[in-house]
Amino acid sequence: MERLAEMALFADFYGPLLTDKQRMIWDLHYDQDLSLVEIAEAEKISRQAVYDLLKRTEKILRDYEAKLGLVQRFLSEQEKLINVKEQLQVFSEADFANSKAWERHQWIRKQISDVFNDIESS
């Protein structure tokens with residue numbers, strides 16, 4: 001996984017565990033795309049202090065993931081859902097013994113699609 005995407009997921013899952021200062025600097029750099037110099041000027045600290053804080057925060061996030069594994073579990077579950085969704089796509093009404101079974105199949109497909117829509121809109 002790309003480093004930036006990985007860090008974004010880590011921040012989504014573990015961001016609330018960071019200090020206010022860590023979250024703020026993280027947001028300014030990764031979410032608002034400010035440079036280290038811009039952040040340093042805004043916060044009246046050195047560029048090196050911003051860099052060090054970001055590196056420490058990345059390490060903290062990686063340590064949380066190493067201990068808790070929430071991101072990995074999320075990605076694994078998402079992959080399973082993708083596989084189930086793909087398998088459900090290949091069925092047609094003719095594959096079912098009766099209309100009730102087809103309706104249940106359609107309901108399951110809709111529920112899984114709703115889960116994906118919820119994930120994408122978050």
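Modeller: Helices here are DSSP runs of H or I with at least four residues, numbered from the N terminus. Thr57 lies in one of them, helix H4. This is a predicted model, in which local features need pLDDT of at least 70 and side-chain atom pairs count only at pLDDT 80 or more, while totals for chains, interfaces and linings use all residues. Residues are numbered from 1 along each chain as its sequence is written, and side-chain values use heavy atoms, leaving out hydrogens and water.

Colleague: Why is Thr57 called buried?

Modeller: Buried means under 20% relative accessible area (1.4 Å probe, protein chains only). Thr57 has 1%, so Thr57 is buried.

Colleague: And what does Thr57 touch?

Modeller: Contact means heavy atoms within 4.5 Å. Not counting residues up to four places away in sequence, Thr57 touches Leu18, Gln22 and Trp26.

Colleague: Why are H2 and H4 called roughly perpendicular?

Modeller: Axes are lines fitted to C-alpha atoms over the stretch in contact, and angles run from 0 to 180 degrees between N-to-C directions. Helix H2 (residues 20–31) and helix H4 (residues 47–68) pack at about 105°, with axes 10 Å apart. Angles of 65 to 115 degrees count as roughly perpendicular, and H2 and H4 are therefore placed in that class.

Colleague: Which residues of H2 meet H4?

Modeller: Lys21, Gln22, Ile25, Trp26, His29 and Tyr30 in H2 meet H4 residues including Val50, Leu54 and Thr57. Leaving aside neighbours within four places in sequence, Ile25 is in contact with Ile39, Glu43, Val50, Leu53 and Leu54.

Notes. Helices (H or I, at least four residues) and strands (E, at least two) are DSSP runs, numbered from the N terminus. Angles under 35 degrees count as roughly parallel, over 145 as roughly antiparallel, 65 to 115 as roughly perpendicular and the rest as oblique. Buried means under 20% relative accessible area, exposed over 50%, partly exposed in between (1.4 Å probe, protein chains only).
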